[in-house]
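Here's a quick briefing to read with the model open beside you. Start with the picture, then work through the notes by topic.

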Amino acid sequence: MAGKVIALAGNPNTGKTSLFNALTGSRQKVGNWPGVTVERKEGRLTLEGKDVAVVDLPGIYSLGAASADEQIASDYLLAERPDLVLVVVDASNLERSLYLVVQLREIGLPLVVALNMGDVAQARGLQIDQKALEDLLGVTVVPTLAASGKGVMALKGRLASLLDQDLSTEFLEVPYGPQLSPIVDGLADLVGDLARELSLPPRLAAIRLGEEDEAALAALERTQAPWLIRRELDEAAAEVEASLGYDLQTALIERRWAFVSSLAARVVSRDKTVREALTPSDRIDRVVTHRLLGLPLVLLAAWAVFKVTFFLGDPAADGLDGLLSGLGESLAFWLDGVGASPLLSSFLVDGVIGGVGSVVVFFPHIFFLFAFIAVLEDSGYMARGAFVMDRIMRLLGLHGKSFMPLLVGFGCNVPSIMATRILERRRDRMITLLVLPFISCSARLPVFLLFAGTFFGARAGTVIFSLYLLGIAVAVIAAKILGSTLFQGESSQFVMELPPYHLPRPKAVLRSAWERGSLFLRKAGTFIFLAVIVVWVLASLPLGVEYGSAESYIGRLGAMTAGFFAPAGFGFWQAAVALLFGFLAKEVVVGTLGTLLAVDGVNLVQVLPQYFSPLSAYAFMVMALLYVPCAAVVAAFREETKSWRWTAFMVLYTTAVAWGLSVAVYQVGRLLGLS
Amino acid sequence: MREKERNLKELEVGEKAIVVRVEGEPSLKGRVLAMGLVPGTELRMERKAPLADPLTVHYRGIELSLRRDEAERVIVRRGCAGCARCGGC
């Protein structure tokens, strides 16, 4: 049994994640499926003292190529052939779940069905004939209540005994009916090559072709005479179309659903005395998707998430920050006492402790945000929020679900970049990821406060507001442009289930929050830490220079790049250095300008007008708003896209946009006679 | 006489209909069909979002949301297929 693999499959919202956690506990590894941004979880399960791997497949409704999730699951199941597939089904809506079960049995996979949520089914007066289900489908059925862990022991027992047996099962034959069966059989005689290519029996290869499965169509092109089969397919399709009024793909899927319906009718019996006029879900939906109340409620919910995340996260982050700077100060004091070199002291305090600080301060916000996201997703409200917001977000070139990450972006871009994983389709997710850095996070506010306060006096508030609006406008325009260029061919979709509401479970919520937070520390942490060290090295070397001064490497780099900023009105090395330091965190721009400009006890506010005019100050703020986001955002972006190329693209294009707009502001302003 | 065909987005909230066929590009069509909106399926227009887009339909115990331009691809007709499953639509 050791070394065997169980794949866990099932529809979304069937308790699949709960079952995975109940089976594998904390023994989980989180990664990505090769080449895509879909999360891959693998856990370990001990059955009778032996280790078995459990691979958690994405939650899907069917096998096929309709989404990246389906593609991954199909590819994995066909190519890897796990020893056993555990499929979670929702007993309270068996028909919906059975479609996937039938597809899995159709390709001959040995199945164990975890019949979950029997309590909900019972409350609705639904009885399921477990024995009939086992006989009709040739599967083992184990009732479970994954949320409370009931039935998990029995399930483990069944898994253990099944893995010990020889599990070569036969293929379930779906009756495609007198009209389609001859067509399928006729095609099956021709597709021997394709069947070998797909490692499926010829009949199934023929069905996949008929369903216009992309993988099957691609494999067909690699066979001897694809044109012959394509001609045959076209003839078959024309024949079906003429008699049924719809195409072959539709006909095959329709027959499979008809089979599923007949199965469900045979195993599910309904107690007619239990009558539900209106489910609680319906009642809630009447309010939350209401024509007038719907939008304000989403805004309220999102605003509450935003507020509470930062209300709880800020003091925790400040506490961590204070703790680390306290530690740094004590360390510096102690090092000074034992006569360590200032360089070593600076390395440990500014570099190492500063670097650790730059990573851990994000943990509280990520933790709290993902706790709320888990509550919204588990409860079912997230889908409703997206439903209500979709039309508006689409006007902005985005998806209904983009709303939450964008809003959180005003607090901090890091957790919001991570929150884009609620978007399922690549196009929707990538566009949201790419425009998020333009949303003005709270770390940019100190820069605005300093410059607007210094140069615009009473109108400072309006100026800051205009920058927030500019960030949003740039994000919207960028979303439109990206959607019609780089992601033109890909479609955005809103075909999704609104799952019934249920109460989120605190344990699952905390688990999800902890998982995201610790993943960030482990994965993005290294990159952020390295970025801090690199900046420290640039600011401290060559030996003997003052930290961040004109003679340091970063000072020289500033002098070299100053000319680049001259068209924007701030072509002096201190501004360039401040922007370079801003890569650590945007508020560092203020501190750096303070150190570099306000020497000899002069107030920074008094010095700034010697370097900036109101116009170039505004151009500088535009730059600070839009140029490359901080190292933590870049690290999170790379972690979410798993692509250095996209990360490099994001860094370059945001900076290009920032430069272009700040130059435009300065030059147009000058033409208009502003200064 | 064959009843007039309409598309899904033209249904009023609460109105029932039967799917005739699904049109459109393969990835959308495949998704809609796999979710069980196949010819012969009885459905009910459940609700519309505040700006009448997207909308949701109820069938087989599923509440599915679709955008208006996605719903436009689902061709339906009114009436009952004469099955025993619904309470007389």
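Of the 675 residues in chain A, 54% count as buried, where buried means under 20% relative accessible area, exposed over 50% and partly exposed in between, using a 1.4 Å probe and protein chains only. Bear in mind that this is a predicted model, so local features need pLDDT of at least 70 and side-chain atom pairs count only at pLDDT 80 or more, while totals for chains, interfaces and linings use all residues. Residues are numbered from 1 along each chain as its sequence is written, chains are lettered from A in the order in which they are written, and side-chain values use heavy atoms, with hydrogens and water left out.

**Overall layout**
- Chain A has 30 helices and 10 strands; these are DSSP runs numbered from the N terminus, with helices being H or I of at least four residues and strands E of at least two.
- Its C-alpha atoms fill a box of roughly 90 × 55 × 55 Å along the principal axes.
- Among contacts in chain A with a separation of 6 or more, 73% come from residues 24 or more positions apart; a contact means heavy atoms within 4.5 Å.

**Nonpolar cores**
- The largest nonpolar core has 109 residues, and A:Phe451, A:Phe570, A:Phe612 and A:Phe620 touch the most other members. Such a core is a set of buried Ala, Val, Leu, Ile, Met, Phe, Trp, Tyr and Cys residues joined through side-chain atoms within 4.5 Å.
- Helix H28 (residues 614–626) of chain A gives the largest share of this core, 11 residues.
- Leaving out residues up to four places away in sequence, A:Phe570 touches several residues, including A:Phe612, A:Ala619, A:Phe620 and A:Met623.
- There's also a second, separate core of 97 residues, with A:Leu187, A:Ala195, A:Leu198 and A:Leu233 among them.

**Cis peptide bonds**
- A:Leu541 and A:Pro542 are joined by a cis peptide bond, omega about -5 degrees, and A:Pro542 sits in the loop between helices H23 (506–540) and H24 (553–565) of chain A.
- Over in chain B, the bond from B:Asp53 to B:Pro54 is cis too, with omega near -5 degrees; B:Pro54 is in the loop between strands S3 (42–48) and S4 (55–59) of chain B.

- A:Met117 isn't a glycine, yet has a positive phi of about 60 degrees; look for A:Met117 in the loop between strand S6 (111–116) and helix H4 (118–123) of chain A.
- A:Lys642 has a positive phi near 55 degrees and lies in the loop between helices H29 (631–641) and H30 (644–671) of chain A.
- Why does A:Lys642 count as partly exposed? Because its relative accessibility is 30%.
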